[in-house]
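Me: I have a model open and would like to go through some of its labels with you. Could you tell me what stands behind each one?

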Amino acid sequence: MKIGWKYLSVFASLLSGPSFATAQESLVNDVNGDGVVNVTSFGDSITYGVGDGLAPGTDVPAVEESGSPRGYPKRLRLSLNLSVRNSGVPGEELVAQGVWRIPEVVVGSQVDTVVLMEGSNDSVKQTSAGDYARAVQRAINVVRASGKQMVIATIPPPTANHSSLAPITESYSSVVRELAALNEVGLADVEALWHSTCPELEQCDLYNLPEGLHPNTKGYDALAQMMAAALLGVDLLSPAGPAELESALGLPDGGVIVRPPVPPSQQ
Amino acid sequence: MQLPVVRSVAFLVGAFSLVACGGGGGGGSTESSSATGVRVLHAAIDAAPVDVVVTGSPAPVARRAVFALDNRYHALPSGAINLQLTRTATPATVIGSFPVTADSESKFSILLYGDNSTFGLRTTLLADETPSQSSSAHVRVVDGVTGAAAIVVNFSADSGGEGVEVAFGQAGEYLPVAAGPVKIRASRAADARAIASSSVTLEPGRAYTYLVAGEVDYFVKGVLLADN
């Protein structure tokens with residue numbers, strides 16, 4: 001994937017120095033003025049890329065946590081031609097571990113934009129949405145007070161063998177949406193896009209099934225497109241979103257896997 | 001929120017923010033700023049952005065003050081008014097309430113400190129009575145950092161001068177400091193553990209607030225704010 005001409009303007013920011021962005025603006029900015037746009041993808045195994053490399057349709061009752069970092073950060077690096085660091089830690093919970101790791105990753109680093117998606121393991125521990133919200137707000141405060149931009153992502157909706165977690169991750173995703181708006185940081189609404197792309201979630205070909213928690217190869221492709229859209233300020237939930245992202249990434253028609261919600265009038 | 005058992009690394013944010021009145025601090029309120037009025041010193045590590053509302057007014061006077069960044073004053077109506085600090089977009093969530101009498105020269109800071117888990121969110125109203133003009137600069141310390149009952153802040157060219165001690169949630173007096181390049185070093189009073197440091201240049205005749213925000217052993221930021 002190559003970035004389209006239309007979006008080359010975002011790289012003009014490399015020449016214009018630091019800037020702060022709000023939601024739906026491009027977050028591909030050289031905030032610290034070092035001549036490189038550095039993105040850090042922060043999260044758990046779904047950021048690390050566990051389950052990547054498995055094709056849709058493969059019977060996967062469980063996913064091994066092994067191999068080198070991959071997943072959506074690697075795809076982002078290739079599609080946007082940016083420096084993208086994979087800071088995913090398999091098994092990590094945001095409240096118990098991740099929020100305490102944030103300063104280690106952010107403070108003093110050259111990162112310009114942090115993408116945070118974490119909470120699936122918190123849902124296993126049934127951490128409350130209130131504790132989750134306080135952790136996300138902590139992370140936002142640390143990142144922004146360090147002069148960085150931020151995208152926060154909702155949680156991919158667990159299904160099949162992990163469907164019991166869905167009510168909890170839904171509460172976390174509601175928190176993420178509220179805090180993104182409140183703090184005017186970027187939002188990647190992975191949960192909403194996952195649902196609109198996979199109306200029959202239990203048969204969703206973006207997941208390793210029946211494991212139902214970690215994306216497969218196609219799922220990580222889709223996740224990378226969602227994150228690219230959030231970074232470029234493309235609203236993938238709008239009807240024109242996929243075409244806009246295809247233009248931005250230089251993809252052929254239909255190259256964007258993610259589908260926006262069908263308007264009620266067309267249902 | 002579950003606290004970590006051991007945090008071996010304290011993160012000191014040496015980079016500082018210095019934004020004069022009316023300047024853009026990034027990510028803060030969208031209202032026009034003023035030389036007088038009210039501002040928020042947001043030092044609470046896990047608190048969402050906040051607004052300042054004058055009771056009876058339809059819209060906030062200051063919107064979306066964020067942690068360790070927003071510092072601008074926003075004009076207030078004259079007379080006896082009640083200032084409320086509320087969670088942004090949630091006006092029913094009143095964090096603090098302060099009856100004040102304001103005029104065109106009044107300057108107030110509302111310090112938001114503590115946290116949502118251990119200490120609770122707390123607020124203090126500060127009257128920003130800046131000293132009269134002089135050849136030196138004046139700096140006061142505002143301690144909003146959790147994890148220390150008090151902090152000591154040194155202002156000197158070599159950071160070796162006598163420090164000023166300020167208790168949690170309190171503001172010190174404006175003290176004269178020689179204008180020019182200054183190193184600021186903040187430490188926890190109990191054990192002299194360094195928690196923040198900055199290198200700044202103070203201008204003669206200016207008054208400043210040095211806000212220490214965050215949580216010891218997690219993330220602390222020292223922010224130098226121009227008060228006049």
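Reply: Gladly! Let's begin with a term: a strand here is a DSSP run of type E with at least two residues, numbered from the N terminus. Keep in mind that this is a predicted model.

Me: What makes the place where A:Pro210 is found a strand?

Reply: A:Pro210 is found in S7 of chain A, residues 209-210. A strand needs at least two residues, so the run 209-210 qualifies. The peptide bond joining A:Leu209 and A:Pro210 is cis, with omega at about 5°.

Me: Now the backbone. How do you know whether A:Glu184 is buried or exposed?

Reply: By counting C-beta neighbours: A:Glu184 has 22 of them inside 10 Å. Buried takes 20 or more, so A:Glu184 counts as buried. A:Glu184 is found in the loop between helix H7 (166-183) and strand S6 (186-188) of chain A. Although A:Glu184 is not a glycine, its phi is positive, about 55°.

Me: And what makes B:Ala192 buried or exposed?

Reply: B:Ala192 has 10 other C-beta atoms within 10 Å. Exposed means 12 or fewer, so B:Ala192 is exposed. Phi of B:Ala192 is also positive in a residue other than glycine, near 65°.

Me: Where is B:Ala192 found?

Reply: In the loop between strand S14 (180-188) and strand S15 (194-202) of chain B. These two strands form a hairpin with five residues between them.

Me: How do you know that S14(B) and S15(B) pair?

Reply: Pairing needs at least two bridges found by DSSP. Eight bridges join S14(B) to S15(B), so the strands pair. S14(B) and S15(B) run antiparallel, and B:Ser187 stands opposite B:Ala194 in S15(B).

Key. Residues numbered from 1 in each chain as written. Chains lettered and ligands numbered in written order. Predicted model: local features only at pLDDT ≥ 70, side-chain atom pairs only at ≥ 80, totals over all residues. Helix = DSSP H or I, 4+ residues; strand = E, 2+ residues; numbered from the N terminus.
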